[in-house]
Amino acid sequence: MKKVAIIGGGAAGLMAALTAVKSGADVTLYEHNKSVGKKILASGNGRCNIINTTAFVTDYFGADPSFAAFALESMPFKVFEKFALSLGLLLDVKEDGRCYPLSNEAKSVVMAFEEALTQTPVKIITHKHVKAITTENEHFCVHTDDGFETYYKVLIATGSQAAPQLGATADGYSFAQHFGHTVATPYPSLVQLHLESEFHEKMAGVKVMAEVTLYLNGKPEEKVLGDTLFTRYGISGLSILDLSQRASEALTNYQAVSVGVNLLPSFNRQTLASQLEKLFQAVPTHDLEHALSGMLSTKIVPQLLKSAKLDTKTKVQTLNTKQIKKLAHQLQDWRFEVTETHGFKHAEVSGGGVSTAEVNEKSMESKLLKGLYFAGEVLDIVGKRGGYNFNFAWASGMIAGKGLSH
Ligand SMILES: Cc1cc2nc3c(=O)[nH]c(=O)nc-3n(C[C@H](O)[C@H](O)[C@H](O)COP(=O)(O)OP(=O)(O)OC[C@H]3O[C@@H](n4cnc5c(N)ncnc54)[C@H](O)[C@@H]3O)c2cc1C
């Protein structure tokens, strides 16, 4: 039996280890955390959105998202469901295709993998940082503080640098670059955004169901309806996480990025001004601040009025049509300039990574060096929120695991 090494005990590495050992490989898995699957434990707010039943290439980003097609087709949901059952893991499928362990606990997922691996001869070496990977006489040397071990094949499944507090590193990129691979500049994704404005900080803590439009160089790109939270540094919430992939990538490319917040998405844009007029006719002697406080958070109202250059104390009966139209516009397209993301520490995933043009999507083997494999987030493939990132990690890990054992 030929010895193979897997670097990284995350979703991709664990899946690859089980697959490779079942196909007869002598597997050693290196993980520098004290235990495997730390990101799995933290995922989905501790519930682990383990997969999405309907993952397509269009749910992914990267220089060439079609790279993910083979992996996704090789491991459709039914295959993963059977695999999960073989670990004793039952799944709870939600209406929108998101899928969680039936226990609703991410811990069940890690425990299931650990138990399955314990029943195999896979050597799991935890608390061991891999410093470098080199080659010698057609073998790979995996270097740690204890020296090095040689292997016939190596899988780099070190993930991305998102969430370094969970053990994430950029090591996989350096290992890949050492062997001549190209790495697309990594950027944080599924992450909160920083705003340049005098208003957001004063509204920190206010959550609204808003429709947020992402503007790149002033052009609308994408619109998402969802919980939106103003924070000390900028803006957060599910709507923002969903837009963050494109926003972050655009910031990396020095584009002008802004978001337009529609605070009243259920109101028709054309008729909002006349609806405001009706409201103001009902309470003509109210000042603007009081008149709007029945429909918006009291933390938002003064900031919104200031941004629209309207005085909070203005009696609504004195407003002219132009001012009401301006207010209606501000309520539905309040623009904020995005300066940066909240960074890798707060990101769920990272865009960029090892160029997929240099990896064979049917085996996950490097096209530059035989015996070198990649799987999971270390590659230049990143998914939307909703289980898609685990989806690619499991699927690519399974393919790489098969490749390791050949
Ligand atoms: C807070 C949070 C919540 C998330 N929730 C979800 C979710 O619900 N659904 C979803 O689909 N995705 C989610 N994700 C994303 C998902 O966790 C990742 O896409 C997925 O874990 C990637 O798997 P991977 O195996 O490629 O990398 P990882 O899971 O990151 O595994 C890589 C492993 O390599 C180890 N490692 C790195 N460098 C070295 C080294 N030099 N030596 C030894 N070991 C090393 C790391 O410690 C890590 O354990 C979430 C991410 C975060 C941070």
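Leaving aside neighbours within four places in sequence, L155 is in contact with I6, I7, A16, Y373, A375, A400 and L404, where contact means that C-beta atoms placed from the backbone lie within 7 Å. The model is predicted, so local features require pLDDT of at least 70 and side-chain atom pairs count only at pLDDT 80 or more, while totals for chains, interfaces and linings use all residues. Residues are numbered from 1 along each chain as its sequence is written.

L155 also belongs, with A16, A17 and V154, to the residues with the most contacts inside the largest nonpolar core, which has 121 residues. Such a core is a set of buried Ala, Val, Leu, Ile, Met, Phe, Trp, Tyr and Cys residues joined through C-beta atoms within 7 Å. Helix α12 (residues 388-405) gives the largest share of this core, ten residues.

A residue is buried if 20 or more other C-beta atoms lie within 10 Å of its own, exposed if 12 or fewer, and partly exposed in between, with C-beta atoms placed from the backbone. L41, in helix α2 (residues 38-42), is partly exposed because 17 other C-beta atoms lie within 10 Å. Beyond its neighbours within four places in sequence, L41 is in contact with A106, K107 and V110.

Across the protein chain there are twelve helices and 21 strands; these are DSSP runs numbered from the N terminus, helices being H or I of at least four residues and strands E of at least two. Buried residues make up 48% of the 406 residues. The C-alpha atoms fill a box of roughly 85 × 40 × 35 Å along the principal axes.

Definitions and conventions
Contact = placed C-beta atoms within 7 Å.
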